[in-house]
Amino acid sequence: MDFSILASEFASLTFDGIVVGAIYALVALGYTLVYGVLRLINFAHSEIFMIGTMTCYGVTLALGISTSADPLTLTSFSLVFLLIVLTASLASGASAVVLEFVAYRRLRLMRASRLSSLISAIGASFFLTELFRILTESRNIAFPRLVDKEPLFVFSSAYITFDKLLVLIGAAVLFFLLNRVINHSKLGLGIRAVSQDETTAVLMGVNVSKVVSLTFLVGGFLAGAGSAFYMVFYETTKANVGFLVGISAFTAAVLGGIGNVRGALLGSFTLGLIQQYSSAVLGYNWRDVVTFVILVLVLLVKPTGLLGEALQRARV
Amino acid sequence: MAIGVTVAVAPSANAACAGNYKLYFQGALTGPAAETGINEYNGVKLAIKDYNKTASAKVDADAIDTQASGAQSPALAAKVVADECALGVIGGMYSGETLAAVPVYDGGGVPVISPSATNPALTNKSPVFHRVVANDLVQGPALATIAQRVGKKIFVVDDATPYGKGLAKIVKLNLKSSQLAGTDAVTEGTTNFSSVVSKVKSSKADVVFYGGYYPEASIFIKALRDNPATKNVKFVAGDGVLDAEFVKLAGKNANGAYLTAPGLPMNTAAPKLYKAYKAEYNKEPGLYTLEAYNAAYFFLQAIKKGNTTRASINKFIDEEVVKGVGMTMSFGPSGDSESIVMNEYTIKNGKVVWVRKL
Amino acid sequence: MSNFVFNPRDRFGDWWDQATILQRSIFRVIVVGVLFALPLINNPIIDTPETSFESVLFYPLVMFAIMAVGLNVVVGKSGILDLGYVAFFAIGAYTQAIFGLYTNLNFWLVLLLGMGFAMLAGTLLGVPALRLRGDYLAIITLGFGEIVRIIAVNTEAIGGAAGLTGIPSPPPIFGVEFSVEDVRPYYWLSLTILLIFLWGIIRLSHRKPGRAWEAIREDEDVAAFMGVQTFKYKLWAFVIGGAIGGAAGVIYASQILSIEPKMFELNLSIMILACVVFGGMGNIWGVIFGAVLLGYLPEKLRFLTDYRILIFGLLMVVMMNLRPNGLIPRKKREVILEKS
């Protein structure tokens, strides 16, 4: 257990932790939005993210960018990246809507038990992971280096590179947009209404099915955008990447208070930082244990997460 | 309506083989490790196909898909033991599934030659077990020597798999305590190496040893090269990393890595076979394709010389020396190969280049 | 609520209700007899392609059935969503491995120890976790399952990533030897244990604990108002479920001879949960049926090897959408609805 590394590498670990947290946040928001509206843990959301990563790769294939090519110039990169983000967001968003329709809609309308929805979610998750595993022949997918990663400047021990800044800025933009949707749009009103009280929302004329579909769409968009940032940052993916990222993102959402958008953000950044620090001190292989232990401790003290559930519902 | 019910009797080894003799491959044909398994099985199939071209009594290839899991292998091994036509097993692919299955094969007297299970615990495990590949007790010290040669402070990382961790442990044992800069462990599927890189940086190591496989290794080496502080740290790894995929995934960052492997890559050691393999399967051979081919080849030589019982084949394996394709094989009483050759490789300009024999 | 067009349980249930004690006993004897005789039958229709039918009977069939019965107490009867059940299985397995390798303790003692450790773990986890609400509890149990596995991977003393090998088999019972070539004695042993657990659970279900669990499942707040000590009974359900899982683990380890952390992944927890949900939560026969189905089908359908898990996932989605309460749902709820 080496605590000295916290001192010597503090800036680097902190900065990296925030970047990782930003990526988690984009995925966590999907979990939290769906949970808020449906009280359902969308287990297959991680695969929505994975589909996004695969789409990003597909775009580079279509554009003919090889993995051994040199990084692009800033202008080329901006155009290519924009294309990738849009395509991935659309792909993930569409997949999410289809997922809802196939796996959850009927159960919701039948008012089936939560457990059944959960099993359906898990089945969908397995299905999608396997599908892509077969498609990718279980290989890791390498993503070309689209942008130069030489540090732009150095702050203490942290190397600030363009891709990390991109993640942070991109995430910030998306949060801003999401906030506008949730708080200043009709859809957002619908989402908040349904999460608060579905019956009353129906009575007030809200088309719940439409709201649900759109919630999945928004969650999917965010995951897809997140996948684009993920790919530029990590430059690799594989069929089960959803599971690995999903568990952390999901934990982050719960940590912050599931159903609560700001909670998802707080949880994600907190988790990102904790993971970086603990990996450095204890070793990377203890990372997940630390993650869960923190989660358990927080839930014991604050059962509904750090910021609580947005809607203060004590019971389902 | 007659329902066919017969009482199952445990069959004796070669009671009555109704068809052709069979050689089984044990490994992962589905699941996360399927790539390696499929490549090995292809090697086995090719060897049998080549043999059948000139043989009067044909041999069939069959496989049990363990998904490289020790949970599944014993039950599947029992199936092989019960098959009267099964004369031998090429496998298991990974050490865990082999360790679990060998007792079952031992009970049934089925000879086993593994092309790729490297855990030292398999040495002396059973009289029917043999392996073509070097166990980690040979590879580990070789890697430690290389690491000490290229640098002064060595940082050891493993991937928490039996192979990676085992190899890393042996490397650490062979280093002086003053040379060990630090350790870390990651898990399969890790993509975020930033904390590991931070640790390497703060330990001021000039060499990193990675015990594990190429998917994580390629991401790791990229992370090291991207960080200006660790850009020039030397990278040393074992045969789990030595693969064309490593170069493909890591790109230019792979250049200059120091790798070891017990065998030569197929295109250097057996160019004709390499071409034939590519023609047959339309893909590059994998990590242990050559070893799997040769393991099957050994069995087939035994059969060719008239050995058609499990016991006689096992005796043949114990006693004979066989010149395979690109390697010569013979086994000691412990089951380990006697003709282990450890080689050092490096990556130059995106190609795997052989450096020297160790 | 007539979602169930064809409900074999109903017709069987009607017969059972009016059967005499003699008829019921004969039925029981026949069923148990058939179950014990299963490994001796060699019929291509029921045989599994690439594995030996006998070993499939042991694992996954009976093992899944035992675990499904255990998890049913937690999830099905009491409504506690547990996503980390595999941890108890792992604890049992590692107990057998460690005590078997390093001590000379009697197998039966180790079996009790394995169950004991699992119960201890269940208590340690349950006391803090069971105070939380459904979904949070589920996540904590998920985390617990993963933590147990990761600790096993990271701790060299118990084998680390490579696990432990050379685990001893049980001692001969009534002259029947337990060896590595013959899986049948293990099957008979675990079948006996399953029947014992079944008997115990059914007895409990008809008594106060069973009714308490039922009440908690239907509506926990109301149950608490009516004076049911919800926390105590939830903890009991959790601990009992854990003990059963632990027992399965001990037997499994003694058969398989070597264990590694990779055998105890999240997938297995999900599988057992699927058995419980598929079969019909709360209905003990249903979950056994679910376990048998989900254990048997992948083995039978091995010819579709590459697509096995794909189809399995698809089946889960389809099944849940068409029969959300499982294939053989709980009886009591239906009775209440019919009356009203």
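**Salt bridges and chain contacts in a predicted complex**

Over all chains, a search of the whole structure finds 21 salt bridges. The structure is a predicted model, and the predictor assigns the complex an ipTM of 0.79 and a pTM of 0.81.

Side chains of opposite charge can pair when their charged atoms come close. One such pair within chain A is E100(A) with R105(A), whose closest N and O atoms are 2.9 Å apart. E100(A) counts as buried because its relative accessibility is 1%, under the 20% cut-off. R105(A), at 14% relative accessibility, also falls in the buried class.

A salt bridge also joins E235(A) to K149(A), with 3.1 Å between the closest N and O atoms. E235(A) sits in the loop between α9 and β4 (236-237) of chain A, and K149(A) sits in the loop between β1 and β2 (153-155) of that chain, so the pair ties together parts that are 86 residues apart in sequence. E235(A) is buried, at a relative accessible area of 3%, and K149(A) is buried at 7% relative accessibility. The two residues belong to a network of salt bridges that links R145(A), K149(A), D163(A), E235(A), K222(B) and D226(B).

In chain B, the side chains of E344(B) and R356(B) form a salt bridge with an N to O distance of 3.0 Å. This pair connects distant parts of the chain: E344(B) belongs to strand β13 (residues 343-348) of chain B and R356(B) to strand β14 (residues 351-357) of chain B, twelve residues apart. For E344(B) the relative accessible area is 1%, so this residue is buried. R356(B), in turn, is partly exposed, with a relative accessible area of 35%.

The size of an interface is often given as the accessible area lost when the parts come together. Between chain A and chain B the buried area is about 2700 Å², and carbon and sulfur atoms give 47% of it. On the side of chain A, R139(A), Y159(A) and Y284(A) lose the most area to chain B, together 23% of what that side buries. The contact involves 36 residues of chain A and 33 residues of chain B.

Four salt bridges are counted between chain A and chain B. One of them pairs the side chains of K201(B) and E9(A), at 3.3 Å from N to O. On the side of chain A that touches chain B, two or more residues each come from α1 (4-8), α2 (10-38), β1 (141-142), α9 (208-234) and α11 (261-282) of chain A. By class, this side holds 13 nonpolar, twelve polar and eleven charged residues.

T191(B) gives a local view of the contact between these chains. The residue is placed in the loop between β7 (180-185) and α6 (194-203) of chain B. T191(B) is classed as buried because its relative accessibility is 18%. Its side chain makes a polar contact of 3.3 Å with the side chain of Y230(A). Apart from neighbours within four places in sequence, T191(B) is in contact with Y230(A), Y234(A), T236(A) and I219(B).

The interface of chain A with chain C buries about 3900 Å², with 74% of this area on carbon and sulfur atoms. L115(A), I119(A) and F126(A) supply 16% of the area that chain A buries against chain C, more than any other three residues. In total, 48 residues of chain A are in contact with 39 residues of chain C. The count of salt bridges between chain A and chain C is zero, and three residue pairs are in polar contact, with both residues at pLDDT 80 or more. Elements of chain A that give two or more residues to this side are α4 (74-109), α5 (114-135), α10 (241-256) and α12 (287-301). The largest share, 15 residues, comes from α5(A). By class, the side of chain A that touches chain C has 33 nonpolar, six polar and nine charged residues.

Chain C has a mean pLDDT of 81, with 88% of its residues at 70 or more. Within chain C, confidence is highest in helix α4 (residues 86-102), at a mean of 92, and lowest in helix α14 (residues 331-339), at 47. The pLDDT is below 50 over residues 333-340 of chain C. Where pLDDT is low, the predicted coordinates should not be read in detail.

How values were computed. Residues numbered from 1 in each chain as written. Chains lettered and ligands numbered in written order. Heavy atoms only, no water. pLDDT = per-residue confidence, 0-100. Helix = DSSP H or I, 4+ residues; strand = E, 2+ residues; numbered from the N terminus. Contact = heavy atoms within 4.5 Å. Buried < 20%, exposed > 50% of the residue type's maximum accessible area, 1.4 Å probe, protein only. Polar contact = N/O pair within 3.5 Å; in protein donor to acceptor, adjacent residues only side chain to side chain. Buried area = accessible area lost by both parts, 1.4 Å probe. Nonpolar A, V, L, I, M, F, W, Y, C, P; charged D, E, K, R; others polar.
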